[in-house]
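User: I am new to this structure and would like to learn how to read it. Please start with the surface.

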Amino acid sequence: MSAALDAANLAAGSLTSTGEAVQFWILGTVAVIGALATILMKKAVHSALSLAGTMIILAVFYLANGAYFLGVVQVIVYTGAIMMLFLFVVMLVGVTAADSLKETIKGQRWLAVLCGLGFGTLLIAGIGQAGLSHFNGLGRINSGGHVEGLATLIFTKYVFAFELTGALLITATVGAMVLTHRERTERAATQRELAEKRVRDGVQLPPLPAPGVYARHNAVDVAGLLPDGTPSELTVNKTLRARGQIRDVSGEALNDLKALEQASSDRLGREEASK
């Protein structure tokens, strides 16, 4: 009787409802796309964001299967802490698409391909082993609770791997701090020294004009206008100029200036005529 009941429970647990199937195929497709985007994106920031999205979908899978502890840990620890740490490090270091093309270690790409193939083989073997084999003691671990069973495995059988993972995370954090820190090799110049240098060089003695001065739009991408109506190159950021994101409104400003002069002259003429 007990064996028949266990068999019935096992058969009921192996069935998949329509909602679960729809959820798996939709979120699974998005997770695979995010995983592919992680390795195919040219910008490191986009790759990190794609990996974060994939981890969030994995957390949804955990929650859908009743593993609430793993789902919360996936969001808080991996997505909320580790991935955000990676993202901040990428933004601080300033990794660009050009940096990824520089091979600093000879043969690292072939080594990465071999490691990827090895990891894929282990992953396929692990999934096949989990789907075809029966694990002894699984019922005994689950009977005491998932959290208790997981803690028992982590701090007894896999304690060395757990400590090694913590050491790797600490090493990554220290490495991020080292990469983002820049030692100053010389004393920083004071404001007086910078002013004296400008006087000696004879270039731009007063402070630089702000963007958009005397122009129609007071924005950072609008060059300021000189008294003769020509744009001043010193008023816009060099990065915006290199990107070609500067709006030229000098012609519009000159037309407005002519219209204003014409309106002023007409008004003065009317006032003199009335007198």
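Analyst: A nonpolar surface patch of about 630 Å² is formed by Leu63, Tyr68, Val72, Val75, Ile76, Val77 and Tyr78. Patch residues have over 30% relative accessible area and no salt bridge, and nonpolar side chains (Val, Leu, Ile, Met, Phe, Trp, Tyr) are joined within 5 Å. Areas come from the Shrake-Rupley method with a 1.4 Å probe; a salt bridge is a side-chain nitrogen of Lys or Arg within 4 Å of a carboxyl oxygen of Asp or Glu. The model is predicted: local features need pLDDT of at least 70, side-chain atom pairs need 80 or more, and totals for chains, interfaces and linings use all residues. Residues are numbered from 1 along each chain as its sequence is written, and side-chain values use heavy atoms, without hydrogens and water.

User: Which helix gives the largest share of the nonpolar patch?

Analyst: Helices are DSSP runs (H or I, at least four residues), numbered from the N terminus. H4 gives the largest share, 6 residues.

User: Is Val72 buried, partly exposed or exposed?

Analyst: Buried means under 20% relative accessible area, exposed over 50%, and partly exposed in between (1.4 Å probe, protein chains only). Val72, in helix H4, is partly exposed at 43%.

User: Which residues make the largest nonpolar core?

Analyst: A nonpolar core joins buried Ala, Val, Leu, Ile, Met, Phe, Trp, Tyr and Cys residues through side-chain atoms within 4.5 Å. Here the largest has 5 residues: Ala48, Ala52, Met55, Met83 and Leu87.

Notes. Patches are made of residues with over 30% relative accessible area and no salt bridge: like charges are joined within 9 Å, nonpolar side chains (Val, Leu, Ile, Met, Phe, Trp, Tyr) within 5 Å. Helices (H or I, at least four residues) and strands (E, at least two) are DSSP runs, numbered from the N terminus.
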